[in-house]
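Have a look at the structure first, then work through the notes.

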Amino acid sequence: MSEFFQEPGDKVRIPFPAGQWCEVKPELTQGDQDYIITQLASANGKPTGEVQNLGSIWLLERTILAWSFPLPVTRENISNLKQKYRGRILDTINRLNEEAREFSKNS
């Protein structure tokens, strides 16, 4: 992992029961953030706090790199993933990105 730049192989593994797992990016790239904002804006006009959860599918699409489930990582499969897995993935993504933002707040 580079000190200053994200590398293609950077990932965080989220373990699930029965040996299942999901690998996600350790933080969003600027391209990821721009993509999600653009999708929100085109779906609802200006993004607001009221549509905060609307962007979850785009966030998951941009951050899930791989998983051990029997189906491929696709938008449809992400959307159909049970909440107990999706919620844990989203919680981890949010925690990782908050940790990344803490650096700028403390600098």
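Leucine 40 is found in helix α1 (residues 30-44), where helices (H or I, at least four residues) and strands (E, at least two) are DSSP runs, numbered from the N terminus. Leucine 40 is buried at a relative accessible area of 10%; buried means under 20% relative accessible area, exposed over 50%, and partly exposed in between (1.4 Å probe, protein chains only). Its C-alpha sits 6.4 Å from that of glycine 55, although leucine 40 and glycine 55 are 15 residues apart in sequence.

Some ground rules: this is a predicted model, so local features need pLDDT of at least 70 and side-chain atom pairs count only at pLDDT 80 or more, while totals for chains, interfaces and linings use all residues. Residues are numbered from 1 along each chain as its sequence is written, and side-chain values use heavy atoms, with hydrogens and water left out.

**Salt bridges**

- The structure holds 7 salt bridges, each defined as a side-chain nitrogen of Lys or Arg within 4 Å of a carboxyl oxygen of Asp or Glu.
- One of them joins the side chains of glutamate 23 and lysine 11, at 3.8 Å from N to O. Glutamate 23 lies in strand β2 (residues 21-24) and lysine 11 in the segment before β1, so this pair ties together parts that are 12 residues apart in sequence.
- The burial of those two partners is as follows: glutamate 23 is buried at 10% relative accessible area, whereas lysine 11 is partly exposed at 46%.
- Aspartate 32 and lysine 25 also meet through their side chains in a salt bridge, 2.9 Å from N to O. Aspartate 32 and lysine 25 are both buried.
- Arginine 75 and glutamate 61 form another salt bridge, at 3.6 Å from N to O. This one links distant parts of the chain, with arginine 75 in helix α3 (residues 75-80) and glutamate 61 in helix α2 (residues 56-63), 14 residues apart.
- Arginine 75 counts as partly exposed at 39% relative accessibility, and glutamate 61 is partly exposed at 26%.
- Salt bridges that share partners join Lys11, Arg13 and Glu23 into one network.

- Aspartate 10 lies in the segment before β1 (12-15).
- The side chain of aspartate 10 does have a polar atom 2.9 Å from the backbone nitrogen of glutamate 7.

**Aromatic rings**

- A search of the whole structure finds 4 aromatic pairs. Rings of Phe, Tyr and Trp (its six-membered ring) pair if their centres lie within 6.5 Å; planes under 30 degrees apart count as stacked, over 60 as edge-to-face and the rest as tilted.
- Tryptophan 67 and phenylalanine 69 make an edge-to-face pair, 5.3 Å centre to centre with 75 degrees between the planes. Tryptophan 67 is buried at 10% relative accessible area, and phenylalanine 69 counts as buried at 16%.
- The rings of phenylalanine 69 and tyrosine 85 have centres 5.2 Å apart and planes at 70 degrees, so this pair is edge-to-face. Phenylalanine 69 lies in the loop between β3 (64-67) and α3 and tyrosine 85 in helix α4 (residues 83-106), so the pair ties together parts that are 16 residues apart in sequence.
- Ring pairs link Phe16, Trp67, Phe69 and Tyr85 into a cluster.

**Charges over rings**

- Arginine 13 lies over the face of tryptophan 21, 3.8 Å from the ring centre. The cut-off here is NZ of Lys or CZ of Arg within 6 Å of the ring centre and within 35 degrees of the ring normal.
- Arginine 62 lies over the face of tyrosine 35, at 4.4 Å from the ring centre.

**Helix burial**

- α2 is mostly covered, with 6 of its 8 residues buried. Those buried in α2 are Ser56, Ile57, Trp58, Leu59, Leu60 and Thr63.
- Asparagine 97 lies in helix α4 and counts as buried at 8% relative accessibility.
- A polar atom of the asparagine 97 side chain is 2.9 Å from the backbone oxygen of isoleucine 93.
- Leaving aside its neighbours within four places in sequence, asparagine 97 is in contact (heavy atoms within 4.5 Å) with Pro26, Glu27 and Leu28.

Terms used
A polar contact is a pair of N or O atoms within 3.5 Å; within protein, one must be able to donate a hydrogen and the other to accept it, and residues adjacent in sequence count only if both atoms are side-chain atoms.
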